[in-house]
Amino acid sequence: AVILDLDSLILKPLDDLIDSIILGEVEALEARKRLPLHGDLELPKKIDAFYTRDYNMVNPGGEEYAGVQGGFLMLRPSEEAFEEYIDI
């Protein structure tokens, strides 16, 4: 699932993000290398979500505490979570 604010403007294809979530770690290796990561982050073997952070809302030097900015969110579909919602 991809969630975007109405005022979002996508300037590049999302293929590498989608491949990194859907494909396995080995199959998505090239896509993962092309992702623009903030700092020296290392990606986990299984990626369940990508999101943006709101760096404009923190003081300089406090970037590690930047909150999630809801303008862009990409989630891995979960059959288990879907079944939980059906049971509610």
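## Basis of the model

The model is predicted, so local features need pLDDT of at least 70 and side-chain atom pairs count only at pLDDT 80 or more, while totals for chains, interfaces and linings use all residues. Residues are numbered from 1 along each chain as its sequence is written, and side-chain values use heavy atoms, with hydrogens and water left out.

## Overall fold

The protein has 3 helices and 3 strands. Helices (H or I, at least four residues) and strands (E, at least two) are DSSP runs, numbered from the N terminus. Read from the N terminus, the order of the elements is β-α-α-β-β-α. The C-alpha trace spans about 45 × 35 × 25 Å along its principal axes.

Of the 88 residues in the protein, 17% are buried. Here buried means under 20% relative accessible area, exposed means over 50%, and partly exposed is in between, with a 1.4 Å probe and protein chains only.

## The start of the chain and its surface patch

Strand β1 covers residues 2–4 and includes Leu4. Leu4 has 37% relative accessibility and therefore counts as partly exposed. Together, Val2, Leu4 and Ile10 make a nonpolar surface patch of about 230 Å². Patches are made of residues with over 30% relative accessible area and no salt bridge; like charges are joined within 9 Å, and nonpolar side chains (Val, Leu, Ile, Met, Phe, Trp, Tyr) within 5 Å. The areas come from the Shrake-Rupley method with a 1.4 Å probe, and for residues only the protein chains shown count as cover.

Asp5 is in the loop between β1 and α1. Its relative accessibility is 34%, so Asp5 is partly exposed. Asp5 and Ile47 are 42 residues apart in sequence, and their C-alpha atoms are 22 Å apart in space. Leu41, in the loop between α2 and β2, is exposed because its relative accessible area is 56%. Between the C-alpha atoms of Leu41 and Leu4 there are 24 Å, and the two residues are 37 apart along the chain.

## Salt bridges

Side chains of opposite charge can pair when their charged atoms come close. A salt bridge is a side-chain nitrogen of Lys or Arg within 4 Å of a carboxyl oxygen of Asp or Glu. By this rule the count is 4. One of them joins Asp16 and Arg34, with the closest N and O atoms 2.9 Å apart. This pair links distant parts of the chain, since Asp16 is in helix α1 and Arg34 is in the loop between α2 (29–33) and β2, 18 residues apart. Another salt bridge is formed by Lys33 and Glu30, whose closest N and O atoms are 3.4 Å apart. Both residues lie in helix α2, 3 residues apart, or about one turn of the helix. Lys33 is exposed because its relative accessible area is 59%, whereas Glu30 is partly exposed at 45% relative accessibility.

Arg76 and Asp48 also meet in a salt bridge through their side chains, at 3.0 Å from N to O. Arg76 is in the loop between β3 and α3 (79–87) and Asp48 is in the loop between α2 and β2, so the pair ties together parts that are 28 residues apart in sequence. Salt bridges that share partners join Lys46, Asp48 and Arg76 into one network. Arg76 is partly exposed at 25% relative accessibility, and Asp48 is partly exposed at 41%.

## The largest pocket

The largest pocket holds about 1,200 Å³ of space. On a 1 Å grid over the protein atoms alone, a pocket is an open set of points where a 1.4 Å probe fits, with protein on both sides within 12 Å along at least five of seven lines; lining residues have an atom within 4 Å of a point. Grid points are joined across faces, edges and corners, and the volume is the space filled by probe spheres set on the points.

The lining has 33 residues, and Leu17, Pro36, Phe50, Tyr51 and Thr52 lie nearest the pocket's centre. At least two lining residues come from each of α1 (15–22), β2 (49–53) and β3 (68–75). β2 gives the most, with 5 residues. By type, the lining divides into 18 nonpolar, 5 polar and 10 charged residues. Ala, Val, Leu, Ile, Met, Phe, Trp, Tyr, Cys and Pro count as nonpolar, Asp, Glu, Lys and Arg as charged, and the others, Gly among them, as polar. Leu17 is in helix α1 and is buried because its relative accessible area is 17%.
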